[in-house]
Amino acid sequence: MRADEDVVLAEGPWQHRQVSANGARFHVVEAGSGPLVLLLHGFPTFWWTWRHQLPVLAAAGCRAVAMDLRGYGGSDKTPRGYDPFSLAGDVAGVIRSLGAADATIVGHGWGGLLGWTLAATEPDVCSRLVAISAPHPRRMRAAIACSGRQVTAASYVLGYQPPWLPERQLVRDEAAAVSHLLTAWSGGNGWPGEATAARYRTAMQIDAVAHCALEYHRWAFRSLFRPDGHRFARRMRAPVRCPVLQLHGAADPVVLPRTAAGSGRWVAGPYAAVTIARAGHFPHEEQPEAVNAELLAHLVR
(Lines give C-alpha, C1' and ligand atoms only; values in the text may rest on other atoms or scores of the structure.)
Protein backbone atom coordinates (compact mmCIF):
# COMPACT_ATOMS: atom_id res chain seq x y z
CA MET A 1 0.00 0.00 0.00
CA ARG A 2 1.06 3.60 -0.54
CA ALA A 3 1.98 5.71 2.47
CA ASP A 4 -1.45 7.33 2.61
CA GLU A 5 -3.03 3.86 2.84
CA ASP A 6 -0.93 2.71 5.80
CA VAL A 7 -3.70 4.00 8.07
CA VAL A 8 -5.70 0.84 7.36
CA LEU A 9 -2.87 -1.39 8.62
CA ALA A 10 -3.16 -0.27 12.24
CA GLU A 11 -1.27 -2.56 14.60
CA GLY A 12 -2.99 -4.36 17.44
CA PRO A 13 -3.93 -7.81 18.76
CA TRP A 14 -5.15 -8.86 15.31
CA GLN A 15 -3.90 -9.92 11.91
CA HIS A 16 -4.46 -8.33 8.49
CA ARG A 17 -5.23 -10.32 5.35
CA GLN A 18 -6.94 -10.10 1.97
CA VAL A 19 -9.74 -12.40 0.84
CA SER A 20 -11.52 -12.70 -2.50
CA ALA A 21 -15.31 -12.67 -2.71
CA ASN A 22 -18.01 -11.72 -5.20
CA GLY A 23 -15.52 -10.66 -7.85
CA ALA A 24 -13.49 -8.31 -5.60
CA ARG A 25 -10.74 -8.34 -2.95
CA PHE A 26 -11.51 -7.38 0.62
CA HIS A 27 -9.25 -6.33 3.46
CA VAL A 28 -10.12 -8.10 6.71
CA VAL A 29 -8.72 -7.95 10.23
CA GLU A 30 -8.94 -11.09 12.34
CA ALA A 31 -8.53 -11.96 16.03
CA GLY A 32 -9.25 -15.12 18.01
CA SER A 33 -10.72 -18.48 17.07
CA GLY A 34 -14.13 -20.05 17.42
CA PRO A 35 -17.54 -19.19 15.95
CA LEU A 36 -17.26 -16.43 13.35
CA VAL A 37 -18.42 -12.93 14.25
CA LEU A 38 -18.19 -10.60 11.24
CA LEU A 39 -18.14 -6.86 11.98
CA LEU A 40 -19.36 -4.41 9.32
CA HIS A 41 -18.62 -0.68 9.62
CA GLY A 42 -20.71 2.26 8.45
CA PHE A 43 -20.06 5.75 7.07
CA PRO A 44 -17.65 7.57 7.34
CA THR A 45 -15.47 4.97 9.11
CA PHE A 46 -13.68 1.75 8.15
CA TRP A 47 -12.75 -1.52 9.92
CA TRP A 48 -10.84 0.35 12.68
CA THR A 49 -14.17 1.42 14.19
CA TRP A 50 -14.28 -2.09 15.78
CA ARG A 51 -10.93 -1.83 17.60
CA HIS A 52 -12.72 -1.92 20.98
CA GLN A 53 -14.72 -5.02 20.07
CA LEU A 54 -12.17 -7.23 18.29
CA PRO A 55 -10.04 -8.19 21.36
CA VAL A 56 -13.08 -8.53 23.63
CA LEU A 57 -14.84 -10.92 21.25
CA ALA A 58 -11.61 -12.87 20.71
CA ALA A 59 -11.13 -13.24 24.47
CA ALA A 60 -14.71 -14.53 24.72
CA GLY A 61 -13.91 -17.44 22.39
CA CYS A 62 -15.01 -15.97 19.07
CA ARG A 63 -13.26 -15.60 15.76
CA ALA A 64 -13.78 -11.84 15.36
CA VAL A 65 -13.27 -10.47 11.85
CA ALA A 66 -13.76 -6.84 10.81
CA MET A 67 -13.84 -6.14 7.08
CA ASP A 68 -13.51 -3.02 4.99
CA LEU A 69 -16.68 -2.82 2.91
CA ARG A 70 -16.43 -2.43 -0.85
CA GLY A 71 -14.88 0.93 -1.67
CA TYR A 72 -13.38 1.53 1.78
CA GLY A 73 -9.96 1.16 3.38
CA GLY A 74 -7.90 -1.66 1.90
CA SER A 75 -10.74 -3.25 -0.09
CA ASP A 76 -11.26 -2.87 -3.83
CA LYS A 77 -12.72 0.42 -5.10
CA THR A 78 -14.89 -0.86 -7.92
CA PRO A 79 -16.87 1.34 -10.35
CA ARG A 80 -20.18 -0.28 -9.35
CA GLY A 81 -21.69 -2.70 -6.83
CA TYR A 82 -22.93 -0.28 -4.15
CA ASP A 83 -26.52 -1.51 -3.89
CA PRO A 84 -27.57 -3.68 -0.91
CA PHE A 85 -27.96 -6.83 -3.02
CA SER A 86 -24.37 -6.64 -4.29
CA LEU A 87 -22.98 -5.56 -0.92
CA ALA A 88 -24.78 -8.36 0.92
CA GLY A 89 -23.29 -10.70 -1.67
CA ASP A 90 -19.87 -9.35 -0.69
CA VAL A 91 -20.53 -10.21 2.95
CA ALA A 92 -21.81 -13.70 2.17
CA GLY A 93 -18.79 -14.29 -0.07
CA VAL A 94 -16.35 -13.14 2.61
CA ILE A 95 -17.94 -15.53 5.11
CA ARG A 96 -17.42 -18.42 2.70
CA SER A 97 -13.88 -17.28 1.85
CA LEU A 98 -13.09 -17.38 5.57
CA GLY A 99 -14.10 -21.04 5.55
CA ALA A 100 -17.31 -20.62 7.55
CA ALA A 101 -20.84 -21.69 6.71
CA ASP A 102 -22.44 -18.83 8.62
CA ALA A 103 -21.63 -16.00 11.01
CA THR A 104 -22.98 -13.65 13.60
CA ILE A 105 -23.24 -10.31 11.82
CA VAL A 106 -22.56 -7.14 13.80
CA GLY A 107 -23.21 -4.09 11.64
CA HIS A 108 -23.20 -0.35 12.26
CA GLY A 109 -25.05 2.09 10.03
CA TRP A 110 -24.71 0.87 6.47
CA GLY A 111 -23.12 -2.29 7.86
CA GLY A 112 -26.28 -2.82 9.90
CA LEU A 113 -28.45 -2.38 6.80
CA LEU A 114 -26.37 -5.06 5.09
CA GLY A 115 -26.87 -7.30 8.12
CA TRP A 116 -30.65 -6.90 7.86
CA THR A 117 -30.42 -7.59 4.12
CA LEU A 118 -28.36 -10.74 4.58
CA ALA A 119 -30.64 -12.03 7.34
CA ALA A 120 -33.69 -11.61 5.10
CA THR A 121 -32.30 -12.73 1.75
CA GLU A 122 -29.68 -15.34 2.74
CA PRO A 123 -30.87 -16.62 6.14
CA ASP A 124 -28.61 -19.68 6.09
CA VAL A 125 -25.54 -17.40 6.16
CA CYS A 126 -26.60 -15.17 9.07
CA SER A 127 -26.91 -17.08 12.35
CA ARG A 128 -27.39 -13.97 14.52
CA LEU A 129 -27.66 -10.25 13.88
CA VAL A 130 -26.63 -7.23 15.93
CA ALA A 131 -27.79 -4.01 14.25
CA ILE A 132 -26.24 -0.83 15.67
CA SER A 133 -27.74 2.53 14.69
CA ALA A 134 -29.51 0.70 11.87
CA PRO A 135 -33.30 0.30 11.76
CA HIS A 136 -34.81 -2.39 9.58
CA PRO A 137 -34.78 -0.99 6.00
CA ARG A 138 -38.56 -1.05 5.74
CA ARG A 139 -38.84 0.79 9.05
CA MET A 140 -36.38 3.42 7.80
CA ARG A 141 -38.28 3.70 4.53
CA ALA A 142 -41.54 4.26 6.42
CA ALA A 143 -39.94 6.92 8.63
CA ILE A 144 -38.61 8.78 5.60
CA ALA A 145 -42.12 8.72 4.13
CA CYS A 146 -44.02 10.00 7.16
CA SER A 147 -41.64 11.54 9.72
CA GLY A 148 -40.61 15.13 9.09
CA ARG A 149 -38.02 14.95 11.88
CA GLN A 150 -36.32 11.92 10.34
CA VAL A 151 -36.38 13.50 6.90
CA THR A 152 -34.65 16.57 8.34
CA ALA A 153 -32.11 14.43 10.20
CA ALA A 154 -31.24 12.52 7.02
CA SER A 155 -31.32 15.50 4.68
CA TYR A 156 -27.51 15.38 4.37
CA VAL A 157 -28.07 12.56 1.85
CA LEU A 158 -29.53 15.07 -0.62
CA GLY A 159 -26.24 16.94 -0.62
CA TYR A 160 -24.46 13.79 -1.76
CA GLN A 161 -26.52 13.31 -4.94
CA PRO A 162 -24.70 15.59 -7.45
CA PRO A 163 -21.72 13.99 -9.21
CA TRP A 164 -18.13 14.66 -8.12
CA LEU A 165 -18.63 17.88 -6.16
CA PRO A 166 -19.70 16.20 -2.87
CA GLU A 167 -16.64 13.93 -2.77
CA ARG A 168 -14.36 16.89 -3.42
CA GLN A 169 -16.00 18.73 -0.54
CA LEU A 170 -15.64 15.65 1.67
CA VAL A 171 -11.85 15.52 1.24
CA ARG A 172 -11.22 19.29 1.12
CA ASP A 173 -8.84 20.65 3.78
CA GLU A 174 -7.58 17.16 4.63
CA ALA A 175 -11.14 15.82 4.93
CA ALA A 176 -12.17 18.32 7.59
CA ALA A 177 -15.81 17.46 6.80
CA VAL A 178 -15.25 13.99 8.28
CA SER A 179 -14.37 15.52 11.65
CA HIS A 180 -17.50 17.62 11.44
CA LEU A 181 -19.69 14.58 10.71
CA LEU A 182 -18.22 12.52 13.53
CA THR A 183 -18.69 15.32 16.05
CA ALA A 184 -22.15 16.35 14.86
CA TRP A 185 -23.42 12.76 14.86
CA SER A 186 -22.02 11.89 18.28
CA GLY A 187 -23.86 12.24 21.56
CA GLY A 188 -21.97 15.38 22.61
CA ASN A 189 -19.76 13.41 24.99
CA GLY A 190 -16.35 14.57 23.81
CA TRP A 191 -15.94 11.85 21.21
CA PRO A 192 -14.16 11.46 18.79
CA GLY A 193 -11.08 13.42 19.88
CA GLU A 194 -8.34 14.67 17.58
CA ALA A 195 -6.44 11.38 17.15
CA THR A 196 -9.52 9.35 16.25
CA ALA A 197 -10.83 11.99 13.87
CA ALA A 198 -7.40 12.26 12.22
CA ARG A 199 -7.35 8.54 11.42
CA TYR A 200 -10.79 8.66 9.82
CA ARG A 201 -9.87 11.79 7.89
CA THR A 202 -6.75 10.08 6.53
CA ALA A 203 -8.70 6.97 5.53
CA MET A 204 -11.27 9.06 3.65
CA GLN A 205 -8.45 10.62 1.58
CA ILE A 206 -7.34 7.28 0.13
CA ASP A 207 -7.89 7.40 -3.62
CA ALA A 208 -11.53 6.78 -4.63
CA VAL A 209 -12.79 6.13 -1.08
CA ALA A 210 -14.83 9.33 -0.87
CA HIS A 211 -16.49 8.63 -4.21
CA CYS A 212 -17.26 5.00 -3.34
CA ALA A 213 -18.59 5.92 0.11
CA LEU A 214 -21.02 8.39 -1.41
CA GLU A 215 -22.23 5.86 -3.98
CA TYR A 216 -23.96 4.04 -1.10
CA HIS A 217 -25.97 7.18 -0.34
CA ARG A 218 -26.70 7.84 -4.00
CA TRP A 219 -28.23 4.42 -4.38
CA ALA A 220 -30.26 4.87 -1.19
CA PHE A 221 -31.91 8.05 -2.48
CA ARG A 222 -32.23 7.34 -6.18
CA SER A 223 -33.57 3.83 -5.65
CA LEU A 224 -36.66 5.30 -3.98
CA PHE A 225 -37.88 6.12 -7.48
CA ARG A 226 -36.54 3.10 -9.39
CA PRO A 227 -37.59 -0.53 -9.86
CA ASP A 228 -34.49 -1.87 -8.08
CA GLY A 229 -35.44 0.07 -4.96
CA HIS A 230 -38.99 -1.28 -5.04
CA ARG A 231 -37.63 -4.80 -5.58
CA PHE A 232 -35.35 -4.37 -2.55
CA ALA A 233 -38.26 -3.17 -0.41
CA ARG A 234 -40.32 -6.21 -1.44
CA ARG A 235 -37.49 -8.62 -0.66
CA MET A 236 -37.12 -7.09 2.78
CA ARG A 237 -40.67 -8.13 3.67
CA ALA A 238 -39.26 -11.60 4.39
CA PRO A 239 -39.25 -12.10 8.17
CA VAL A 240 -35.87 -12.35 9.89
CA ARG A 241 -35.82 -15.64 11.76
CA CYS A 242 -32.42 -15.51 13.46
CA PRO A 243 -31.96 -13.88 16.90
CA VAL A 244 -31.65 -10.09 16.57
CA LEU A 245 -30.20 -7.54 18.98
CA GLN A 246 -30.79 -3.91 18.08
CA LEU A 247 -28.58 -1.29 19.76
CA HIS A 248 -29.20 2.42 19.38
CA GLY A 249 -27.69 5.53 20.91
CA ALA A 250 -30.16 7.48 23.02
CA ALA A 251 -28.88 10.74 21.52
CA ASP A 252 -28.46 9.65 17.89
CA PRO A 253 -29.20 12.83 15.87
CA VAL A 254 -29.06 11.30 12.38
CA VAL A 255 -31.03 8.06 12.77
CA LEU A 256 -33.53 8.96 15.44
CA PRO A 257 -34.25 6.44 18.22
CA ARG A 258 -37.96 6.63 17.43
CA THR A 259 -37.12 5.53 13.87
CA ALA A 260 -35.31 2.43 15.13
CA ALA A 261 -38.24 1.52 17.37
CA GLY A 262 -40.59 -0.86 15.65
CA SER A 263 -37.99 -2.79 13.67
CA GLY A 264 -39.01 -5.92 15.56
CA ARG A 265 -42.12 -6.04 13.38
CA TRP A 266 -40.02 -7.76 10.71
CA VAL A 267 -38.33 -10.22 13.11
CA ALA A 268 -39.90 -13.65 13.58
CA GLY A 269 -37.13 -14.95 15.83
CA PRO A 270 -35.95 -13.72 19.25
CA TYR A 271 -35.63 -9.94 19.30
CA ALA A 272 -34.28 -7.46 21.82
CA ALA A 273 -33.77 -3.70 21.56
CA VAL A 274 -31.43 -1.82 23.88
CA THR A 275 -30.85 1.93 24.09
CA ILE A 276 -27.29 2.98 24.93
CA ALA A 277 -27.23 6.01 27.22
CA ARG A 278 -24.91 8.97 26.51
CA ALA A 279 -24.29 7.79 22.96
CA GLY A 280 -25.07 9.21 19.55
CA HIS A 281 -24.70 7.51 16.17
CA PHE A 282 -21.50 5.61 17.11
CA PRO A 283 -22.32 3.84 20.41
CA HIS A 284 -19.70 1.10 19.89
CA GLU A 285 -17.04 3.84 19.95
CA GLU A 286 -18.67 6.37 22.27
CA GLN A 287 -19.66 3.81 24.93
CA PRO A 288 -17.66 0.67 24.04
CA GLU A 289 -17.95 -1.02 27.44
CA ALA A 290 -21.75 -0.84 27.41
CA VAL A 291 -21.92 -2.13 23.84
CA ASN A 292 -19.43 -4.93 24.53
CA ALA A 293 -21.49 -6.11 27.49
CA GLU A 294 -24.61 -6.29 25.32
CA LEU A 295 -22.72 -8.10 22.55
CA LEU A 296 -21.39 -10.76 24.89
CA ALA A 297 -24.78 -11.24 26.55
CA HIS A 298 -26.39 -11.67 23.11
CA LEU A 299 -23.82 -14.28 22.10
CA VAL A 300 -24.39 -16.18 25.33
CA ARG A 301 -28.16 -16.10 24.88
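# A tour by selection

Start at arginine 278, in the loop between β8 (271–276) and α11 (283–286). Helices and strands here are DSSP runs, numbered from the N terminus: H or I of at least four residues for helices, E of at least two for strands. The model is predicted, so local features need pLDDT of at least 70 and side-chain atom pairs count only at pLDDT 80 or more, while totals for chains, interfaces and linings use all residues. Residues are numbered from 1 along each chain as its sequence is written, and side-chain values use heavy atoms, with hydrogens and water left out.

Arginine 278 is not a glycine, yet has a positive phi of about 55 degrees. Its relative accessibility is 61%, so it counts as exposed (over 50%; buried is under 20%, partly exposed in between, with a 1.4 Å probe and protein chains only).

Next, select tryptophan 164, in the loop between α5 (148–153) and α6. Here too phi is positive, about 70 degrees, in a residue that is not a glycine.

Move to serine 186, in the loop between α6 (165–185) and α7 (194–204). At 6% relative accessibility it counts as buried. Beyond its neighbours within four places in sequence, serine 186 is in contact (heavy atoms within 4.5 Å) with Trp191, Ala251, Pro253, Gly280, His281 and Glu286.

Stay in the loop between α6 and α7 for proline 192. The peptide bond joining tryptophan 191 and proline 192 is cis, with omega about 20 degrees. For another cis bond, go to phenylalanine 43 and proline 44, where omega is near 5 degrees. Proline 44 sits in the loop between β3 (36–40) and α1 (54–59).

Now the helices. Select α2 (residues 84–97): its 14 residues should span 20 Å at 1.5 Å a residue, and its end C-alpha atoms are 19 Å apart, which agrees. The expected span is 1.5 Å times one less than the number of residues. Ten of the 14 residues of α2 are buried, so it is largely enclosed by the rest of the structure. Among them are Leu87, Asp90 and Ile95.

In α3, eleven of twelve residues are buried, including Trp110 and Trp116.

Finish with α4 (residues 137–146) and α9 (residues 227–235), which pack at about 125 degrees with axes 9 Å apart. That makes α4 oblique to α9. Show Pro137, Arg138 and Arg141 in α4; they meet Gly229, His230, Phe232, Ala233 and Arg234 in α9.

Notes: Axes are lines fitted to C-alpha atoms, for helices over the stretch in contact, and angles run from 0 to 180 degrees between N-to-C directions. Angles under 35 degrees count as roughly parallel, over 145 as roughly antiparallel, 65 to 115 as roughly perpendicular and the rest as oblique.
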